[in-house]
Amino acid sequence: VTGASFVVFNGALKTSSGFLAKSSIVEDGLMVQITPETMESLRQALRDKKDFKITCGKTDTGDIKEYVDICWVENEEKTNKG
């Protein structure tokens with residue numbers, strides 16, 4: 001689990017890159033590079049206020065992957081206030 005002050009979603013990742021998505025720490029935030037198709041799905045999930053999961057890593061490996069989970073919560077008091 002990584003806490004971040006901000007998140008940047010970059011929808012310019014090429015399918016030919018060999019990655020499903022890539023995540024990296026940038027200063028005190030998180031940058032997630034995703035394909036344009038995943039970006040459109042993310043936008044729709046945000047409009048619909050639905051949870052969304054982004055799987056990061058190479059497309060051709062069966063190794064353990066990283067995940068970026070976007071979750072809607074009912075009670076904001078239980079979330080990290082930092």
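**Strand pairing**

Strand S2 (residues 19-26) pairs with strand S4 (residues 52-58) in the antiparallel sense, over two bridges. Strands pair if DSSP finds at least two bridges between them; strands (E, at least two residues) and helices (H or I, at least four) are DSSP runs, numbered from the N terminus. This is a predicted model, in which local features need pLDDT of at least 70, side-chain atom pairs count only at pLDDT 80 or more, and totals for chains, interfaces and linings use all residues. Residues are numbered from 1 along each chain as its sequence is written, and side-chain values use heavy atoms, with hydrogens and water left out.

- Opposite Lys-58 in S4 stands Phe-19.
- S4 is also joined to strand S5 (residues 66-70) by five bridges, and these two strands run antiparallel.
- Asp-69 in S5 is the bridge partner of Lys-53.

**Helix H1**

- Helix H1 (residues 36-47) has twelve residues and reaches 17 Å from its first C-alpha to its last, close to the 16 Å expected at 1.5 Å a residue (1.5 Å times one less than the number of residues).
- Met-39, Leu-42 and Ala-45 of H1 are buried (under 20% relative accessible area, with a 1.4 Å probe and protein chains only).
- Seen down the axis of H1, its buried residues fall within an arc of 125 degrees, so they line one face of the helix; the arc is that of the directions from the helix axis to the C-beta atoms.
- Glu-37 and Arg-47, on the other side of H1, are exposed (over 50%).
- Lys-49, which follows H1, has a positive phi, near 55 degrees.
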